[in-house]
Amino acid sequence: MSTDVWDEVAAALEAGYDDEPAPRPAAAYVTSGRRRQRNRRLRYGAAGAVVLAAATTVALLPDGAGPRSTPDPTPVVQQPSPTPVETATVRPKQRISDVLVPGQHVGYDDQGAVVLRRGWRIVREVPNPLHRVAPEASVGLVVTNGEERYWYLLDDTADGGGATWDPAGSMHARFEQWLADMVDLAGGSEPAAYVTFAEGGTDLVPGVGVRILRQWPDPNVPGFAAPGDDTAVAEVLVDGLTSFVLVRRSPGGPSEAIPVDVSVLPEPTYAAFLSYARARIASGQGLR
């Protein structure tokens, strides 16, 4: 190629770039590259934070009493992502009203996490009293809002599970006694009988480890038994603790005994027990 041709090519190239801006210094390109790398890291970090926020729903109490829910009222929002690889799939959090029925203070959500109503906290935990196998779970809890205290048995199973609760001390003096009875009921069996009617008679006989102190036939407790049922009350001593036991039996059926610790009564007397039993049954709460 002749020198004249090279001169023409060079002149054409120079004329074609007359309107282009001058190249930026090398340092400017480095700064721009760092800025893009930092923005990319921020996008990845934000997506990771969303996943972490969705997965972390249970925290330990400050006093180490056990797990409790830490609901976050802020909605979870996915960060925009430029590529499908960076997109995080997040299940929305349930509202407390979707998890807990009116009057319920604590329960499992659909992720298997324990959630609490605002203002309530867990002060005692008994792990897995129903011996569930993961991913199923169960827990016994004592919860309080500083003024009231409730006992709970929570069950999380493949078919949904459930929750059982009572005001603390409403039937038993100790949480362990209450929880043992609820575990028996959840397993489909009645708690170990305190007393039963004697076969062919109306006298009460004690169960294993139970001592009957006194007994009264046919107590006046409206709504407790059907006409024709045998009924009675016994004052018993079990493991050093005194209870009153209300008992009924349908003709040809088994005895059903419901214990109430004297500690929940205003006085440890038969009259105080009858008054308590009548009020509970009339209110619809019952003695269980």
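Analyst: A term to start with: strands here are DSSP runs of E of at least two residues, numbered from the N terminus. Also, this is a predicted model.

User: Okay. Which strand is V247 in?
Analyst: V247 is in strand 13, which covers residues 241-249.

User: Is V247 buried or exposed?
Analyst: V247 has a relative accessible area of 0%, so it is buried.

User: What is V247 in contact with, leaving aside neighbours within four places in sequence?
Analyst: Its contacts include V195, F197, L204, F224 and D230. T231, A232, S255, E256 and A257 are on the list too.

User: And how far is V247 from T196?
Analyst: Their C-alpha atoms are separated by 7.5 Å, although V247 and T196 are 51 residues apart along the chain.

User: What does strand 13 pair with?
Analyst: Strand 13 pairs with strand 12 in the antiparallel sense, over nine bridges. In that pairing, V236 stands opposite S243 of strand 13. The two strands form a hairpin with two residues between them. D239, in the turn, has a positive phi of about 55 degrees.

User: Where does strand 12 sit, and how many of its residues are buried?
Analyst: Strand 12 runs over residues 230-238, and seven of its nine residues are buried, so the rest of the structure largely encloses it. Strand 12 is also joined to strand 11 (residues 210-217) by seven bridges, and these two run antiparallel. One of the bridge partners there is A234, which goes with Q215.

User: New topic. How many aromatic pairs are there?
Analyst: There are eight aromatic pairs in the structure. In one of them, the ring centres of W120 and Y150 are 6.0 Å apart and the planes are at 65 degrees, so the pair is edge-to-face; the cut-off for that is over 60.

User: Why does the W120 and Y150 pair tie parts together?
Analyst: W120 lies in the loop between strand 4 (114-116) and strand 5 (121-127), while Y150 is in strand 7 (residues 149-156), so the pair ties together parts that are 30 residues apart in sequence.

User: Are those two buried or exposed?
Analyst: W120 counts as buried at 12% relative accessibility. Y150 is buried as well, with a relative accessible area of 16%.

User: What else is there with rings?
Analyst: W216, F244, Y270 and F273 form one aromatic cluster. Separately, the charged end of R248 sits over the ring of F224, 4.5 Å from the ring's centre.

User: How many bridges join strand 6 to strand 7?
Analyst: Eight bridges join strand 6 (residues 137-144) to strand 7. V139 stands opposite L154 in strand 7.

User: Last one: where is D109, and what does its side chain reach?
Analyst: D109 is in the loop between strand 3 (106-108) and strand 4. Its side chain reaches the backbone nitrogen of Q111 at 2.9 Å. D109 is buried, with a relative accessible area of 13%. Not counting residues up to four places away in sequence, D109 touches Q94, V99 and V115.

How values were computed. Residues are numbered from 1 along each chain as its sequence is written. This is a predicted model: local features need pLDDT of at least 70, side-chain atom pairs count only at pLDDT 80 or more; totals for chains, interfaces and linings use all residues. Side-chain values use heavy atoms; hydrogens and water are left out. Rings of Phe, Tyr and Trp (its six-membered ring) pair if their centres lie within 6.5 Å; planes under 30 degrees apart count as stacked, over 60 as edge-to-face and the rest as tilted. Helices (H or I, at least four residues) and strands (E, at least two) are DSSP runs, numbered from the N terminus. Buried means under 20% relative accessible area, exposed over 50%, partly exposed in between (1.4 Å probe, protein chains only). A charge sits over a ring if NZ of Lys or CZ of Arg is within 6 Å of the ring centre and within 35 degrees of the ring normal. Two strands pair if DSSP finds at least two bridges between them. Contact means heavy atoms within 4.5 Å. A polar contact is a pair of N or O atoms within 3.5 Å; within protein, one must be able to donate a hydrogen and the other to accept it, and residues adjacent in sequence count only if both atoms are side-chain atoms.
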